[in-house]
Amino acid sequence: MSKYHDNKKAAVGSEIECPVCHKKFKKAQYSQAFCSRECKDRFWNANRGNVKPSDEAVFKMEGWLARDKNGKLRLWVSVPQKEMNFDHGASWGRPCEMGEWIKVDKDAFPSVKWEDLEPARVEIVIKK
Ligand SMILES: [Zn+2]
């Protein structure tokens with residue numbers, strides 16, 4: 001079990017050991033803990049109900065920052081899409097108003113621009 005949490009904490013690019021088949025491999029992405037989808041499924045089938053969420057899941061979440069044409073900056077909880085023909089002028093949105101967002105000071109993150117083709121993926125981290 002601790003190998004699973006160790007793998008979650010390991011840096012991308014470091015060598016980790018699969019908790020199921022014990023194969024060693026290089027961690028390729030942030031949340032990776034298993035060598036393959038098969039090992040991941042086997043692990044969760046065997047450990048259903050007795051794995052507690054790691055610190056990572058408890059203290060972090062993902063969001064997306066996007067700037068509307070009028071300069072307004074918003075933090076979205078799901079990926080927004082660029083909408084050019086919106087009633088209120090060109091902005092980012094979600095189909096059927098389903099997306100939730102938080103207004104962010106418009107002077108923050110000047111690197112996030114309306115011209116961007118994709119929203120900027122960010123992490124919200126609780127400082128312990
Ligand atoms: Zn494996």
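Me: Leaving aside its neighbours within four places in sequence, which residues is Trp64 in contact with?
Reply: In this predicted model, the question leaves out residues within four places of Trp64 in sequence. What remains is a list of seven partners that can be checked one by one in the structure, namely Trp76, Val79, Pro80, Pro119, Ala120, Arg121 and Val122.

Me: Which residues make up the largest nonpolar core, and which element gives the most to this core?
Reply: The largest nonpolar core has 6 residues, namely Trp64, Leu65, Ala66, Leu75, Trp76 and Trp92. The elements that contribute two or more of these residues are E3 and E4. With 3 residues, the element that gives the most to this core is E3.

Me: In what order do the 4 strands of the open sheet stand?
Reply: Strand E3, residues 60–67, pairs with strand E8, residues 120–125, in the antiparallel sense over 6 bridges. E3 is also joined by 4 bridges to strand E4, residues 73–76, and these two likewise run antiparallel. With E7 included, the 4 strands form an open sheet whose pairing is antiparallel, and their order is E7-E4-E3-E8.

Me: Why is one side of E7 and of E8 left without a neighbour in the sheet?
Reply: The order of the open sheet is E7-E4-E3-E8. Strand E7, residues 101–104, and E8 stand at the edges, so one side of each is left without a neighbour in the sheet, because each has a single partner strand.

Me: By how many degrees are neighbouring strands of the sheet E7-E4-E3-E8 turned against each other on average?
Reply: The sheet in question is the open one with the order E7-E4-E3-E8. When direction is ignored, its neighbouring strands are turned against each other by an average of 35 degrees.

Me: Which residue in the turn of the hairpin formed by E3 and E4 has a positive phi?
Reply: On the E4 side, the bridge partner of Arg67 is Leu73. E3 and E4 form a hairpin with 5 residues between them, and the residue in its turn with a positive phi, of about 100 degrees, is Gly71.

Me: Is His22 buried or exposed?
Reply: His22 lies in the loop between strand E1, residues 15–17, and strand E2, residues 24–26. Its phi is near 65 degrees, a positive value in a residue other than glycine. Most residues other than glycine have a negative phi. Because 10 other C-beta atoms lie within 10 Å, and the cut-off is 12 or fewer, His22 is exposed.

Me: What is the value near which phi of Phe109 lies?
Reply: Phe109 lies in the loop between E7 and E8. With 15 other C-beta atoms within 10 Å, Phe109 is partly exposed. As a residue other than glycine, Phe109 has a positive phi, near 50 degrees.

Me: What percentage of the 128 residues in the protein do buried residues make up?
Reply: The protein has 3 helices and 8 strands. Among its 128 residues, the share made up by buried residues is 12%.

Conventions. Residues numbered from 1 in each chain as written. Predicted model: local features only at pLDDT ≥ 70, side-chain atom pairs only at ≥ 80, totals over all residues. Pairing = 2+ DSSP bridges. Core = buried A, V, L, I, M, F, W, Y, C linked by C-beta atoms within 7 Å. Buried ≥ 20, exposed ≤ 12 C-beta atoms within 10 Å, placed from the backbone. Contact = placed C-beta atoms within 7 Å. Axes fitted to C-alpha atoms, helices over the stretch in contact; angles between N-to-C directions.
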